[in-house]
Amino acid sequence: MKTVFTTVTSAEAHLVVHLLARHNIAADISGEALQGALGELPVFGNVRVKVAAADEARAKQLIAEWEQTSDSSNEWRCNACAETNPGSFEFCWQCGASAAT
Ligand SMILES: [Zn+2]
């Protein structure tokens, strides 16, 4: 497995996993357990998204494109589970509900 994304929050890591899943790339998250063990405080840079080595280049490209288009001012709140999603996401990372519903 290759690390393609490192973040401070597990929520952002899940966003990336969801993004990759939509492009048929399986990804794993590591570091979440450590974050939980230390309470609610984020452990900076310790949540990592990993993909198979064969998917590394494509995953990095998708993440780079996502980071360019990601605009926090367009955040939307899911009507189904009340989770906050970035404007670049058409579906809720938490429950998969469409942004339009
Ligand atoms: Zn939701």
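Begin with the largest nonpolar core of this predicted model: it has 17 residues, and if you select A13, V16, V17, L20 and V49 you will have the members that touch the most other members. Then colour β1, α1 (10-22), β3 and α3 (56-69), each of which supplies at least two residues of this core, with the largest share, six residues, coming from α1. Because domain 1 (2-69) and domain 2 (72-101) both give residues to this core, it lies between them.

Stay with A13 for a moment and display its contacts: leaving aside its neighbours within four places in sequence, A13 is in contact with F5, T7, I29, V47 and V49.

Next, select strand β3, residues 47-51, where four of the five residues are buried, so the strand is largely enclosed by the rest of the structure. Strand β1 (residues 2-7) runs antiparallel to β3 and is joined to it by five bridges, and here you can find T7 standing opposite V47. Strand β2 (residues 27-30) also runs antiparallel to β3, to which four bridges join it, and in this pairing the bridge partner of S30 is R48.

Finally, move to C81, which you will find in the loop between β4 (76-77) and β5 (84-85). Is C81 buried or exposed? With 12 C-beta neighbours inside 10 Å, C81 counts as exposed. Leaving aside the neighbours within four places in sequence, C81 is in contact with C92, Q94 and C95. If you then draw a distance from the C-alpha atom of C81 to that of G96, 15 residues apart along the chain, the separation is 9.6 Å.

How values were computed:
Residues numbered from 1 in each chain as written. Predicted model: local features only at pLDDT ≥ 70, side-chain atom pairs only at ≥ 80, totals over all residues. Buried ≥ 20, exposed ≤ 12 C-beta atoms within 10 Å, placed from the backbone. Pairing = 2+ DSSP bridges. Contact = placed C-beta atoms within 7 Å. Core = buried A, V, L, I, M, F, W, Y, C linked by C-beta atoms within 7 Å. Domains from an automatic or database assignment.
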